[in-house]
Amino acid sequence: MSEQSLRGVSVSLVQNQELIYAKRFGVSDFEKQSPANESTNYRIASITKLFTSIVLMQLVERKKIFLDTPVVEIIPELRAIKTNGHSVEDITIKSILTHTTGLPTNPNFLLDKRGQNQALALDEFLKGLAQQSLLFPPNRIHKYSNLAMNLSGLIVERVSGLSYEQHIQEVILTPLQLESTRFPT
């Protein structure tokens with residue numbers, strides 16, 4: 001917990017649908033020093049990246065997209081990125097899922113500078129693509145990219161016709177009865 005600066009952690013282990021271990025550490029409210037408990041809600045954070053990958057594969061299974069679909073067919077705005085002599089058209093759904101897009105890991109424009117951790121409006125996000133560059137040729141080097149995962153969310157929206165949050169709710173959260181899992185407002 002100290003290494004990651006975590007205020008609280010809840011751990012549960014389930015085997016054969018039976019809870020075999022549950023323990024809570026730290027606090028749920030730092031200011032009130034309330035201990036973490038079985039009802040403590042935690043930020044969903046990067047778990048959404050797993051949801052996004054699952055949803056992309058569901059769209060592939062339903063033949064709405066294919067693993068070899070070029071991302072620029074769905075997000076033509078990606079053509080604005082500086083290519084450094086590489087082909088942006090080579091970035092596919094598979095490239096995103098295998099972390100081989102060649103896109104930067106932590107582009108500086110994903111978060112709004114006016115507010116802490118506030119997501120950018122879609123038009124600002126798309127305009128920000130022109131400030132980025134491919135780091136490697138697509139499909140050659142494995143490197144995680146937050147930009148690629150954000151583009152994945154937009155792919156989900158454009159292909160499904162629903163907002164990312166609505167789509168995740170419909171195909172993951174509701175079927176799995178994850179009733180207390182939600183996106184921050």
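This is a predicted model: local features need pLDDT of at least 70, side-chain atom pairs count only at pLDDT 80 or more; totals for chains, interfaces and linings use all residues.
Visitor: Which backbone nitrogen does the side chain of Thr92 reach?

Guide: Residues are numbered from 1 along each chain as its sequence is written, and side-chain values use heavy atoms, with hydrogens and water left out. Thr92 sits in the loop between α2 (71-74) and α3 (93-97), helices being DSSP runs of H or I with at least four residues and strands runs of E with at least two, numbered from the N terminus. At 3.3 Å, its side chain reaches the backbone nitrogen of Lys94.

Visitor: Is Thr92 buried or exposed?

Guide: Buried means under 20% relative accessible area, exposed over 50%, and partly exposed in between (1.4 Å probe, protein chains only). Beyond its neighbours within four places in sequence, Thr92 is in contact (heavy atoms within 4.5 Å) with residues including Leu67, Pro70 and Asn139. Its relative accessibility is 14%, so Thr92 counts as buried.

Visitor: Which strands stand at the edges of the sheet?

Guide: Three strands form an open antiparallel sheet in the order β1-β2-β3, where two strands pair if DSSP finds at least two bridges between them. Each edge strand has a single partner, so one side of it is left without a neighbour in the sheet. The edge strands are β1 (8-15) and β3 (34-35).

Visitor: How many bridges join β1 to β2?

Guide: These two strands form a hairpin with two residues between them. Gly8 has Gly26 in β2 as its bridge partner. The number of bridges joining antiparallel β1 and β2 is eight.

Note on methods: A polar contact is a pair of N or O atoms within 3.5 Å; within protein, one must be able to donate a hydrogen and the other to accept it, and residues adjacent in sequence count only if both atoms are side-chain atoms.
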